[in-house]
Amino acid sequence: MTTTPRWRALTHHNLFWPVVVLVVLLLVNVPFTPDFFSIRMTNGHLHGSLVSIVLFGSPLILVAVGMTLVIATGGIDLSVGAVVAITGALTCSYISDQSDQSALSGVFFAIGIGLLAAVVCGLWNGFLVARMGIQPIIATLIIMVAGRGVAQLVTDGQIITINSEPYKLIGGGYWLTLPFSIFVVAAVVAVTVVLTRKTALGLLVESVGGNAEASRLVGIRSRRIKIMVYVFCALCAGIAGLMISSNTSAADGNNAGLWIELDAILAVVIGGTSLLGGRFSIGGTVIGALVIQTLTTTIYTIGVPTQTNLVFKAAVVIVVCLLQSPKFRAKAFGGRFGNKPGAKGGTGQPAVAPAQTAKTTEAAPKMEVS
Amino acid sequence: MSTTTTTKRPPAPDSRTPSKAAQLLGDRRLPVLVTAGLFLAMYVAGLSRYQNYGFGEAQVFMNLFIDNGYLLVAAVGVTFVILSGGIDLSVGSVIGFTTMFTAWLVERQGLPILVVIPMALAVGAFGGFLMGYVIHNFEIQPFIVTLAGLFLFRGLCLVISKESISIGDSSVSSMAGAQVNLGAGFLSIGAIVALVVLAVAFYVLHYTRFGRRVYAVGGNEQSAMLMGLPQGGTKIAVYTISGFCSALAGLLFTLYIQSGDPLHATGMELDAIAAVVIGGTLLTGGSGYVIGTLFGVLVLGLIKSIIQFEGTLSSWWTKIATGVLLCAFILIQRAMTARKKT
Amino acid sequence: MAEPQPVLEMTGIVKEFPGVRALSGVDFRLFPGEIHALMGENGAGKSTLIKVLTGVYSLDDGTITLDGQPVQIDSPLQAQQAGISTVYQEVNLCPNLSVAENIFIGREPTRFGRIQWNRMRKEAAELVDRLGLDIDVTAPLSSYPLAVQQLVAIVRSVGTGDSDGAGAGTKVLVLDEPTSSLDRDEVLELFRLMRQLRDEGVAILFVSHFLDQIYEICDRMTVLRNGTLVGEHMVSELDQVGLIQLMIGKALDQLEELHDHQLRSDVGETLVKADGLGRTGGIAPFDLEIKKGEVVGLAGLLGSGRTELARLLFGADQPDSGKVSIGGKQVSMSAPNDAIGAGVAFCSENRKSEGLVPDLTVRENIILALQAARGWTRPIPASQRDELVAKYIKALDIRPANPEARVGQLSGGNQQKVLLARWLITQPKLLILDEPTRGIDVGAKTEIQKLVVSLSEDGMSVLYIAAELEEVLRLSHTIGVLRDRKLVAQIANGPEITPSRILETIASGEHQ
């Protein structure tokens, strides 16, 4: 065959397909916007479609990066949108109460309050999931429902507008010719990568998500790990909340971060992290978030009505999930890609017995099948 | 192959007949009773506090049904899904889509409402069927599939029109305005339909083989299969029912608000799920009553009414109160299931 | 008198899975009105045979006849309709529904589509009553203990068919390890019900790991080994020693290299001491001492409590009686962490579900235990990590010798070595190996056994569990014998100890 080993290694890389999708989406724009890839310098700021994709995609990247770790442990966090709203609301309302809204100390203190609130939300989610043993989707539903109410309570139902130069920098300012938020995102992504890959956190997270029982028997304290990832996820959402409110210089308890949890989950899935937990890829998630943002931009630039955005997103969700589903792959491509029961057995016996997934096995002691 | 289940084995119970206290805690009706009690307590508290403002009038009570009929219908559909152990996030979008679809067909295409109603219901049911089909046949988590449904239907709303379409059709207005007098007060057509849906759902869940299969699948899908029950068909059917109920809720919402808007009912799936959970249905499936869902909806409705009567309280307290109730009931459920396991 | 016609006859049954032939031409007969035991060790093909019979697996070759008529069974539902009902160990009923509903679901009495609750409850109560059981059919199933749930499952399977009038009720009742977690009184009630059904003409296929129960209740037995039929006997004509020999078979000794090995005689002072350690439904309280550098082997049939004993010593299950001390200090054993902290390591027999994280690489799987002990903040430095991993890949000859390979893609033997490496780098004081040689090739088997010997020489204590007696005898200083979830004897190994003496001990439950 003509496929060289190098090419095969490339196509088998876990980022290959997300990158391909991203590149194709970017290229689609060129016939409609010939100068799509050009970047101009105006007033000392870089402008261009690529810059704006990263700029507008920043909050999503942040939230999705946090979500990646939660999903890697086999969980999910639905409350991030609400946390975005709460953080923005608290920070802006504190700043708006200051006599000098641009005072650095006040802004830092306000940011501190906002992020503290995010951490509290994360602790609460982690407590419910790890300590109380509630399913993540249910546990995080609570803040998803109540959080927006809290945010509106803080803003008194109004959209609080502020006028603070230092705060404006986070989401709307420029630094070294680039939007400042790009640096924030880069910093958070870098910290996450260091935190997960330079310490053992990433390994332990993948282990807990990949095989919870084996992790217990190997002595991993999975409760602590889980609480940590929920706090980290909420913290990322908090920073995204700062960015969104800073960009508009306003806190909108009702609409800030609306649907971002769904976009973030989508970004994680596109990035190649399985919703069942286990292996995760921060790089993949960043690309996944960029794919979503590019999709939005593309729909806008090629002249399709922007409102079809959601329909495209739905299509992407379905296609990605179908491609990840072993059953679908078995049906669509024959046995080549499907995980046939028994095909991966070292002992050659079927990998899954019907009884294995039965809920009642919880009440039953050891079962040996010969 | 060999597996070992490692979860703790229940200590051998010393007696076959559970104690009274254990029976009470283990009783599946307890959460419904708690919710009904909560509703009564809130109602009485409202009575004593706002008596002079007309809270005691029968019509205030009737309005709970009139103002929340669509939510009740949607929540009934979600009850089926949750009882079977699934979840449906597409409810709000399907409702929003139905309002747009109906308004567009009636206003822009000039179709009579009586033709549009079956079309809208069919579209909702078909959407639900598709989601159920994908969930069952490709074994993808319901959460993700119905999330795609959420995007799809909301997107379709916007494809129809970005703008709100108000309905001026006279037959729609007369339907919307129709009142059924009950002596002390009146109910709207929407409220009547909602109560009928509730009654039908109750009958189906408790008096048909299909209904019991929904419980069986939610209790233990694997067992249901080994007992020879068609668990796949049951799962597809509950999502179809939920899609149908959402579309019906969308029609009621259209009547209630007399317009179609691409942003109608945004996030209503959360209200519906919250109502179901507050009504005592276990989110893990297999346990709960559709009557509980009624009380869940009424509690949510009553919170809104009380906040209106209070005057100084703002609408976001509804969300906070809903969240707090949701949290309380999830913890109660957790305590109950934990008890059963040990 | 002519021999009665079997109600069920399976002939030449073949079932293959990729890479393994689980059943090769098994014949099996079941007569009406008998309780028949299906016996066999791990990999004998018992479960596969049952799953073929009950329609969970399709068969590759062979025929099944029921009442003389050939039948094809493609699903559990078809099996039920044909009159073959199964009750599994883990009770496949819906705990959230009432007892009556569990008995009737799928065939509830209806009129115009409406379920007749009163009729259903009445019929259920009558059925329960006829079978001599005292169960409130309106109560939710979950309010009853497992034993009663099992009885309900039997009632359901007996009731199958007599409501719609389609079949003549259950002809064959398969009970797959129903007794493994029941106490004596519960077992007696189950047996009473089984005898009643037998007397009504039902053919019962009974699987149990408890030898006493087999001899107490069964009339006839079929013994399988390695997917083939090795014997069909009347229970009264085969004694326990004979049965165990049939089940275990004469294992060919392919491990000559170890033959001239002398066990180290100078084991050290006591390392682990368990006093009255036990767990209801797991293993009866036992005392056990393991000395430094000693290999303690556990011998016993599948399901005799070998694994349960090991899990208690590791804190994988919580004991409900007794205490453990390691190195003179008492250890709480409420979680694996406690045992790991005290220097205990455990390689589970279920490599896939309880050992490896299949998505992770060989390297990651190897360092997992050490890393878990260090906590997430102190990663093992990359150079040290790679050195350790390379050392153990080489020492244990893990193939492919690629630390980046995904562990899920390795062969069984290499996966086992990865697990071993994982624990060896933590330098444990006591290494528990639960069937480390199961399902792996002969070469890897020998290597693992040699490793155990050399670890013991270096002063590490080992608790070794294996299905093959020869393997246990060859490696152990002391042999613990288990039978029916009890540690019945502890025998010091010596030249006079032979596999047949161990067999006798397993069969009789005492050591002469």
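**Questions on the three chains**

Biologist: Leaving aside its neighbours within four places in sequence, which residues is Val150(A) in contact with?

Modeller: Two residues are in contact if their C-beta atoms, placed from the backbone, lie within 7 Å. With neighbours within four places in sequence left aside, the contacts of Val150(A) are Ile86(A) and Ile320(B).

Biologist: What pLDDT do local features need in this model?

Modeller: Residues are numbered from 1 along each chain as its sequence is written, while chains are lettered from A and ligands numbered from 1 in the order in which they are written. This is a predicted model, in which totals for chains, interfaces and linings use all residues, side-chain atom pairs count only at pLDDT 80 or more, and local features need pLDDT of at least 70.

Biologist: Is Val150(A) buried or exposed?

Modeller: A residue is buried if 20 or more other C-beta atoms, placed from the backbone, lie within 10 Å of its own, exposed if 12 or fewer, and partly exposed in between. Val150(A) belongs to helix α6 (residues 136–155) of chain A, where helices (H or I, at least four residues) and strands (E, at least two) are DSSP runs numbered from the N terminus. As 22 other C-beta atoms lie within 10 Å, Val150(A) is buried.

Biologist: How wide an arc do the buried residues of α8(A) cover around the axis?

Modeller: The buried residues are Phe180(A), Ser181(A), Val184(A), Val185(A), Thr192(A) and Thr196(A). They sit on the same side of α8(A), because the arc that they cover around the axis is only 150 degrees.

Biologist: Which exposed residues are on the other side of α8(A)?

Modeller: The arc just given is that of the directions from the helix axis to the C-beta atoms. On the other side of α8(A), the exposed residues are Ala187(A), Ala190(A), Val194(A) and Lys198(A).

Biologist: Which elements of chain B do the buried residues of α8(B) pack against?

Modeller: The buried residues of α8(B) are Gly190(B), Ala191(B), Val193(B), Ala194(B), Val197(B), Leu198(B), Ala201(B) and Leu205(B). They line one face of the helix, because they fall within an arc of 160 degrees seen down the axis. The face turned away from them carries the exposed residues Val196(B), Ala199(B) and Val200(B). In chain B, the buried residues pack against α3 (58–83), β3 (186–188), α9 (209–219), α11 (231–257) and α13 (290–310).

Biologist: What is the radius of gyration of chain B?

Modeller: Chain B has 14 helices and four strands, and 55% of its 342 residues count as buried. The radius of gyration is taken over C-alpha atoms, and the globule rule is 2.2 Å times the number of residues to the power 0.38. A compact globule with 342 residues would have a value near 20 Å, and chain B agrees with 21 Å.

Biologist: What is the radius of gyration of chain C?

Modeller: Chain C comes to 17 helices and 22 strands. It is as compact as a globular protein of its length, because the globule rule gives 24 Å for 512 residues and the radius of gyration is close to this, at 25 Å.

Biologist: Which helix gives the most to the side of domain 1 of chain C that touches domain 2 of chain C?

Modeller: Chain C is divided into domain 1 (256–343 + 428–508) and domain 2 (360–427), with bounds from an automatic or database domain assignment. Their C-alpha centres lie 24 Å apart, and ten residues of domain 1 are in contact with nine residues of domain 2. On the domain 1 side, the most, three residues, comes from helix α15 (residues 442–457).

Biologist: Which residues of chain C does a cis peptide bond join?

Modeller: Pro400(C) lies in the loop between α13 (382–395) and α14 (412–424) of chain C. With omega at about -5 degrees, the cis peptide bond joins Arg399(C) and Pro400(C).

Biologist: What is the phi of Glu435(C)?

Modeller: Glu435(C) is in the loop between β19 (430–434) and α15 of chain C, and its 25 C-beta neighbours inside 10 Å make it count as buried. Although Glu435(C) is not a glycine, its phi is positive, at about 45 degrees.
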